[in-house]
Amino acid sequence: MKTRTVGEVMTGDVVRAHPMTPFREVVRLLERHRISGVPVVDHDDKVLGVVSGTDLVREQARRARAEEGCIATAGQLMSTPAVTVHPEQPVPDAARVMERHDIARLPVVDEEDRLIGIATRRDLLRVFLRTDGDIRREVIDDVLVGALGLAPDTVTVLVRDGLVTLTGPLERRSDVPKAIRAVWRLGGVA
C-alpha cells in the first residue's frame with residue numbers, strides 16, 4: 001500500500017523572501033504570484049520563518065494604530081520558528097501538522113534544512129482528486145491481494161465519490177478491521 005508523500009504533492013518552484021525584503025515587496029510577491037504566504041530564507045536557503053497575508057494585515061493595523069511610518073521587513077514580520085516538513089513524510093502526517101499548528105502552508109526542507117518546496121492545504125487536498133477507478137484498483141491490488149493475500153474477486157469493491165464499499169465473505173473475521181484500516185489510509189478515500 002502506498003501512502004502519498006509530501007514530496008509527491010508539494011510545489012517545487014517556491015516564491016521566497018529574505019529577511020531584509022521590505023513590506024511592500026512581500027505584498028507584491030503575494031499579489032504577483034497569487035499566493036497567501038512566503039517562506040523567509042537566509043543566504044543558504046535555510047528557512048527562518050514564514051510571512052503570511054495575515055502577518056501583513058496585522059502589521060498594517062498595528063502601524064495605523066501607532067501612526068508609524070517605518071518600513072517593516074520580512075524578517076520583522078515573519079512567524080517563527082517555521083514549521084517545516086520533509087518530502088518523505090506522508091501527506092496525512094503533514095495535514096495533521098497543519099491542523100495542530102493552525103497554518104496553511106508548510107515549507108518542505110531537505111536533510112540540511114534547506115528549502116526545496118512548499119506544501120499548501122490545496123496541495124495536500126489533491127490526493128482526493130483521484131478517480132474512483134484508480135481508488136478501486138488500489139483497493140483490489142494493494143489491500144485485498146497485496147496486504148490480505150485474497151484473490152482479486154473475493155470481495156466486491158464499489159467506489160463512488162471516494163466512498164469505498166467492500167462486500168463479501170472473508171475467511172478470518174480479524175481481516176475485516178485490517179481491510180477497513182488499510183482502505184482508510186489510501187489517498188483519495190473519503
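Modeller: A polar contact is a pair of N or O atoms within 3.5 Å, where within protein one atom must be able to donate a hydrogen and the other to accept it. The model discussed here is predicted.

Biologist: With which side chain does the side chain of arginine 105 make a polar contact?
Modeller: Arginine 105 is found in strand β3, residues 105-109. Its contacts, leaving aside neighbours within four places in sequence, include Gly37, Val38, Met98 and Thr120, with Ser36 also among them. The side-chain atoms come to 2.5 Å, and the partner is the side chain of serine 36.

Biologist: Arginine 105 has no salt bridge; how far away is the nearest side chain of opposite charge?
Modeller: A salt bridge requires a side-chain nitrogen of Lys or Arg within 4 Å of a carboxyl oxygen of Asp or Glu. Arginine 105 is buried, yet no such partner is found for it. The nearest side chain of opposite charge belongs to aspartate 55, at a distance of 6.7 Å.

Biologist: Is aspartate 55 buried or exposed, and what is its relative accessible area?
Modeller: Aspartate 55 lies in helix α3. Beyond its neighbours within four places in sequence, its contacts are Val50, Leu77 and Ser79. Because the limit for a buried residue is under 20% relative accessible area, aspartate 55 counts as buried, with a value of 7%.

Biologist: A polar contact of 3.3 Å joins the side chain of aspartate 55 to which serine?
Modeller: The side chain of aspartate 55 makes a polar contact of 3.3 Å with the side chain of arginine 58. A further polar contact, also given as 3.3 Å, joins aspartate 55 to the side chain of serine 79.

Biologist: How far apart are the closest N and O atoms in the salt bridge of arginine 58 with aspartate 55?
Modeller: Both residues lie in helix α3, residues 53-66, three residues apart, which is about one turn of the helix. Arginine 58 counts as exposed at 51% relative accessibility, whereas aspartate 55 is buried at 7%. The closest N and O atoms of this pair are separated by 3.3 Å.

Biologist: With which residue does aspartate 134 form a salt bridge?
Modeller: Side chains of opposite charge can pair when their charged atoms come close. The closest N and O atoms are 2.5 Å apart, and the partner is arginine 137.

Biologist: What separates the closest N and O atoms in the salt bridge of arginine 4 with glutamate 8?
Modeller: Arginine 4 is partly exposed, with a relative accessible area of 28%. Glutamate 8 is likewise partly exposed, at 38%. The cut-off for a salt bridge is 4 Å, and the closest N and O atoms here are separated by 3.9 Å.

Biologist: How many salt bridges does a search of the whole structure find?
Modeller: Some charged residues are linked in a network of salt bridges, as with Glu25, Arg28 and Arg32. For the whole structure, the number of salt bridges found is 13.

Biologist: In β2, which residue is the bridge partner of valine 40?
Modeller: Strand β1, residues 37-41, runs antiparallel to β2, and five bridges join them. Strand β2, residues 47-52, is mostly covered, with five of its six residues buried. In the hairpin of β1 and β2, with five residues between the strands, aspartate 45 takes a positive phi near 65 degrees. Within this pairing, the β2 partner of valine 40 is glycine 49.

Biologist: In β4, which residue is the bridge partner of proline 107?
Modeller: Strands β3 and β4, the latter covering residues 115-120, pair in the antiparallel sense over five bridges. They form a hairpin with five residues between them, and aspartate 113 in the turn has a positive phi of about 65 degrees. The β4 partner of proline 107 is isoleucine 118.

Biologist: What is the radius of gyration of the protein?
Modeller: The protein has eight helices and six strands. The globule rule gives 16 Å for 190 residues, and the value for this protein is well over that, so the protein is more spread out than a compact globule. Its C-alpha trace spans about 75 × 35 × 25 Å along the principal axes. The radius of gyration is 22 Å.

Conventions. Residues are numbered from 1 along each chain as its sequence is written. This is a predicted model: local features need pLDDT of at least 70, side-chain atom pairs count only at pLDDT 80 or more; totals for chains, interfaces and linings use all residues. Side-chain values use heavy atoms; hydrogens and water are left out. Buried means under 20% relative accessible area, exposed over 50%, partly exposed in between (1.4 Å probe, protein chains only). Helices (H or I, at least four residues) and strands (E, at least two) are DSSP runs, numbered from the N terminus. Lys and Arg count as positive and Asp and Glu as negative; His and the chain ends are not counted. Contact means heavy atoms within 4.5 Å. Two strands pair if DSSP finds at least two bridges between them. The radius of gyration is taken over C-alpha atoms; the globule rule is 2.2 Å times the number of residues to the power 0.38.
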